[in-house]
Amino acid sequence: MRVLVTGGAGYIGSHVVKALGERGHEIAVYDNLSSGNRWAVLYGDLIHAELEDSNVLKSVLVNFKPDAVMHFAAHIIVPESVRNPLKYYLNNTVNTINLLRLMRECNVGLFVFSSTAAVYGIVETAPVPEGAPLHPINPYGTSKMMTESVLADLALADQDFRYTSLRYFNVAGADGSGRIGQAYRESTHLITRSLKTAKGEFPKLEIFGTDYPTPDGTCIRDYIHVDDLADAHILALDYLTGGGGSQVMNCGYGHGYSVRQVVEMAKKVTGVDFRAEDAPRREGDPPELVADSRKLKNMLGWKPGFDDLEYIIKTAWQWERKRS
Ligand code: UFG
């Protein structure tokens with residue numbers, strides 16, 4: 001298979017490129033390196049270009065002739081999306097629509113989309129199934145939800161277009177062999193932020209919100225190891241190339257941990273009793289997001305291998321220490 005991977009130099013994209021490469025697929029990575037890194041691309045060629053540059057994108061589609069596109073290139077930081085919504089709608093929604101338009105002009109019909117649990121907003125059920133109502137509470141989630149609507153309409157209208165939209169829960173951890181991992185310029189995610197605090201890069205970790213309607217008052221998330229998520233992408237691609245119809249699927253383990261539980265585990269793994277202070281709520285945070293991933297397991301045969309918070313944090317810690 002020839003696969004074009006947008007955002008393939010980023011955290012999740014690079015782990016999927018690794019998984020694709022290990023399976024012998026031919027890969028072209030398209031990335032503007034705004035949050036990705038050249039060294040993270042372990043397989044295939046890197047095209048350093050902007051997603052909004054239709055000329056370059058079209059020439060890549062024409063020349064590389066991918067069988068499928070996997071689309072990771074997006075902005076992903078919830079609080080930033082609250083402050084700067086247009087940045088999110090332009091990149092996550094408009095640029096994706098443009099990519100789809102060019103794909104169809106070039107007769108590329110298979111698409112794997114990076115969606116998010118943030119499309120659900122404040123959920124009534126945990127674990128949340130794919131059919132739950134979508135009420136995102138931040139522009140990030142809305143930008144992805146809008147793209148999902150476009151995908152559904154396109155697949156209805158165009159028999160030669162099929163897609164899988166994977167709704168990621170909280171992705172964490174790093175490649176077990178230590179070659180790649182999370183390397184954002186700005187670290188806002190809980191696990192990375194905790195580990196960087198343990199390393200002394202930050203004086204303290206703030207626990208955003210301690211009065212949520214959860215057992216210990218802090219937000220609950222379903223943390224999934226990035227290699228298990230990468231496997232889900234391989235299965236989604238196989239499913240589409242095998243003739244499977246368009247699907248939306250949650251990617252998570254089906255159980256969550258509170259912010260306090262994650263912080264405790266980060267302290268245990270690092271052996272550092274770093275400072276963690278209660279702080280006000282952060283805007284745009286739903287109290288609980290836990291995946292009902294039965295569809296991914298039953299339909300695609302996904303068998304997670306790393307459903308273990310300690311292992312997830314250990315691999316992230318191994319990666320963090322290597323970077324210092
Ligand atoms: N948190 C803290 N302190 C920090 C950082 C985070 O208390 O320094 C808390 C947050 O308030 C939240 C939880 O830890 O309650 C998780 O926050 P993250 O920033 O790690 O992740 P988010 O849940 O905001 O978002 C992530 C991805 C999104 C994805 C979402 C799905 O960034 O792309 O998970 O659940 F949509």
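This is a predicted model: local features need pLDDT of at least 70, side-chain atom pairs count only at pLDDT 80 or more; totals for chains, interfaces and linings use all residues.
Biologist: Is H6 parallel or oblique to H10?

Modeller: The axes of H6 (residues 190-199) and H10 (residues 309-323) come within 10 Å and cross at roughly 50 degrees. Angles under 35 degrees would count as roughly parallel and 65 to 115 as roughly perpendicular, so the relation of H6 to H10 is oblique.

Biologist: Which residues of H10 make the contact with H6?

Modeller: H6 passes H10 in a right-handed crossing. From H6, the contact is made by Ile191, Thr192, Leu195, Lys196, Ala198 and Lys199, and from H10 by Leu309, Ile312, Ile313, Ala316, Trp317, Glu320 and Arg323.

Biologist: Which ring does arginine 193 lie over?

Modeller: A charge sits over a ring if, for Arg, CZ is within 6 Å of the ring centre and within 35 degrees of the ring normal. Arginine 193, at 3.7 Å from the ring centre, lies over the face of phenylalanine 202.

Biologist: How many residues apart are tyrosine 88 and tyrosine 140, the pair that links distant parts of the chain?

Modeller: The structure holds nine aromatic pairs, and one of them, tyrosine 88 with tyrosine 140, is edge-to-face, with 6.3 Å centre to centre and 90 degrees between the planes. Both tyrosine 88 and tyrosine 140 are buried. Tyrosine 88 belongs to helix H4 (residues 85-105) and tyrosine 140 to helix H5 (residues 139-157), which puts the two apart by 52 residues.

Biologist: Is the pair of phenylalanine 111 and phenylalanine 113 stacked or edge-to-face?

Modeller: Phenylalanine 111 is buried, at a relative accessible area of 0%, and phenylalanine 113 also counts as buried, at 1%. Ring pairs link Phe111 and Phe113 with Phe161 and Tyr163 into a cluster. Because the ring centres of phenylalanine 111 and phenylalanine 113 are 6.2 Å apart and their planes lie at 15 degrees, the pair is stacked.

How values were computed: Residues are numbered from 1 along each chain as its sequence is written. Side-chain values use heavy atoms; hydrogens and water are left out. Rings of Phe, Tyr and Trp (its six-membered ring) pair if their centres lie within 6.5 Å; planes under 30 degrees apart count as stacked, over 60 as edge-to-face and the rest as tilted. Helices (H or I, at least four residues) and strands (E, at least two) are DSSP runs, numbered from the N terminus. Buried means under 20% relative accessible area, exposed over 50%, partly exposed in between (1.4 Å probe, protein chains only). Axes are lines fitted to C-alpha atoms, for helices over the stretch in contact, and angles run from 0 to 180 degrees between N-to-C directions. Angles under 35 degrees count as roughly parallel, over 145 as roughly antiparallel, 65 to 115 as roughly perpendicular and the rest as oblique. A crossing is left-handed if the near helix is turned anticlockwise from the far one by less than a right angle, and right-handed if clockwise. Contact means heavy atoms within 4.5 Å.
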